[in-house]
Number of protein chains: 2
Amino acid sequence: MGTKQVSGLSAAEQADLSRADSLAREIFSDVANKWAFLIIETLGDGVLRFSELRQQVGGISHKMLTQNLRMLERNGLVERTVYPTVPPKVEYRLTEPGQGLRATVDTMCAWTHKYITDIESARQAFDS
Amino acid sequence: MGTKQVSGLSAAEQADLSRADSLAREIFSDVANKWAFLIIETLGDGVLRFSELRQQVGGISHKMLTQNLRMLERNGLVERTVYPTVPPKVEYRLTEPGQGLRATVDTMCAWTHKYITDIESARQAFDS
DNA sequence: CCGTATCCTTCATGATACTG
DNA sequence: CAGTATCATGAAGGATACGG
């Protein structure tokens, strides 16, 4: 994903590359954040209501959850279903692209688990 | 990584779990951010100086790069080598845990590539 | 129950300048 | 060249209240 020059391509192809690259960067900016990852991990392959999600993610404010869900919905990673009942009921689930990203988040969780003690000692060493 | 209760464990084990959990969350907060990912991806399996890194990441300020490198170093993901020459020369490379995380970032890059058109059209649909 | 809007506070970020 | 410190500004985030 660097902005390196690639030879053997026409100017138009170069332009396409950098357009795709800047879009990719935008997606990174959106998605590569703590709350998005935690939401995706929490949703898993299940279906959760707003309040359930908020409770299970833990430590996220009403506002942050709304913002991140809108962002994920906008990128087509989360599907939002509204039941026009009283009181309202809204369900969230991952779409197929969302599930794809979930696989990535899963590998990061596994990575965390694998290296958590290394990281902890690296921190202690650094902080002294 | 949720904060769910797990039965069949002693209080001490529960405490260990939640300690590990909160540490894992801290690591997530540190590492799951745009700049960290871009830096890790840019470093790859190579060795780069501060200024090279800054140039190749692109669009990152001096300060942000320093901050993120310190954070990554603190977590033991990046190794920093200082050559006491004049002018100074500092090289950065990924450690083994850092390489492990790089694998995750790579899968995210692949994911972005795979779904980039879906995401783009989802956005256009949403924004109208 | 869920979403949005508002206000207010805190933090993150960029620009700049200075040091080793 | 690389790092740190300072300052100023804008954005992020929390609390609250109201509307559908």
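1. Start with α4(A): it gives the most to the surface near DNA strand C, with 4 residues. "Near" here means that a heavy atom of the residue lies within 4 Å of the strand. Helices (H or I, at least four residues) and strands (E, at least two) are DSSP runs, numbered from the N terminus.

2. Before you go on, note that this is a predicted model, where local features need pLDDT of at least 70, side-chain atom pairs count only at pLDDT 80 or more, and totals for chains, interfaces and linings use all residues. Residues are numbered from 1 along each chain as its sequence is written, chains are lettered from A and ligands numbered from 1 in the order in which they are written, and side-chain values use heavy atoms, leaving out hydrogens and water.

3. Now look at who sits around the DNA. There are 16 residues around DNA strand C, and Phe50(A), Ser51(A), Tyr92(A), Lys63(B) and Met64(B) come nearest.

4. For Tyr92(A), a polar side-chain atom lies 2.6 Å from a phosphate oxygen.

5. Over in chain B, check the strands. β2 (residues 78-83) and β3 (residues 89-94) run antiparallel, joined by 6 bridges; strands pair if DSSP finds at least two bridges between them. Tyr83(B) stands opposite Lys89(B), and a hairpin links β2(B) to β3(B) through 5 residues.

Definitions and conventions. Polar contact = N/O pair within 3.5 Å; in protein donor to acceptor, adjacent residues only side chain to side chain.
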